[in-house]
Amino acid sequence: MPTTLSDLRAVPAFAPVVADRVWRAWWEDKGVTLTELRARLDESFATDPVPSTFVAHDGDRFLGCVALIACDVEERPELAPWVAALWVEPEARRQGVGAALMTRAAEAAFAAGHAHVYLAAEPALAPYYAARGWALVESDVDGLEIFARSRR
């Protein structure tokens with residue numbers, strides 16, 4: 001499947017679908033409204049590299065997204081930035097879209113001068129991230145595994 005990775009700033013028409021997928025996957029059950037989530041997402045339109053959101057797409061067809069944010073785990077505020085909210089549409093899974101999105105977000109962090117980038121995952125997903133070059137740095141931080149990738 002042809003895939004283009006774009007900064008959301010360059011393809012703002014994808015913002016509603018990005019907000020919808022991220023909200024439904026992680027925030028709806030926590031009582032956060034879609035409007036609140038969209039306001040957070042809109043911070044990605046500022047000029048600073050963090051936060052940023054990246055979109056995988058085939059023309060105008062949305063395939064997935066990922067964010068680069070300042071902090072994803074409140075218990076580890078000293079770690080920054082974080083690759084977060086990785087979402088791939090079900091029909092685009094197992095085709096490298098997720099790995100490409102994570103790499104794009106990590107590269108953006110390194111380009112912004114960060115030596116490391118972090119990622120939090122549920123334990124069941126830890127093998128997926130480890131197989132894609134993420135190193136486990138801490139386990140069971142509020143039930144999450146903390147991974148890092150370093151600039152080469």
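Which elements do the buried residues of H1 pack against? The buried residues of H1 pack against H2, S2, S3 and S4. The views below show a predicted model, in which local features need pLDDT of at least 70, side-chain atom pairs count only at pLDDT 80 or more, and totals for chains, interfaces and linings use all residues. Residues are numbered from 1 along each chain as its sequence is written, and side-chain values use heavy atoms, with hydrogens and water left out.

**View 1. Buried residues of helix H1.** Ala15, Val18, Ala19, Asp20, Val22 and Trp23 are buried in H1. Buried means under 20% relative accessible area, exposed over 50%, and partly exposed in between (1.4 Å probe, protein chains only). Helices (H or I, at least four residues) and strands (E, at least two) are DSSP runs, numbered from the N terminus.

**View 2. Threonine 53 in strand S2.** Threonine 53 lies in strand S2 and counts as buried because its relative accessibility is 4%. Its side chain is joined to that of serine 44 by a polar contact of 2.8 Å. A polar contact is a pair of N or O atoms within 3.5 Å; within protein, one must be able to donate a hydrogen and the other to accept it, and residues adjacent in sequence count only if both atoms are side-chain atoms. Leaving aside neighbours within four places in sequence, threonine 53 is in contact (heavy atoms within 4.5 Å) with Ser6, Asp7, Leu8, Val18, Leu41, Ser44, Val66 and Ala67.

**View 3. Threonine 3, before strand S1.** Threonine 3 is placed in the segment before strand S1 (4–7). With a relative accessible area of 36%, threonine 3 is partly exposed. Leaving aside neighbours within four places in sequence, threonine 3 is in contact with Ala56, His57, Leu63 and Val97. Threonine 3 and arginine 61 are 58 residues apart along the chain, and their C-alpha atoms are separated by 9.6 Å.

View 4. The 15 residues of H3 should span 21 Å at 1.5 Å a residue, and the end C-alpha atoms are 21 Å apart, which agrees. The expected span is 1.5 Å times one less than the number of residues. Buried residues of H3 include Leu101, Met102 and Phe110. Glycine 113, which follows H3, has a positive phi, near 100°.
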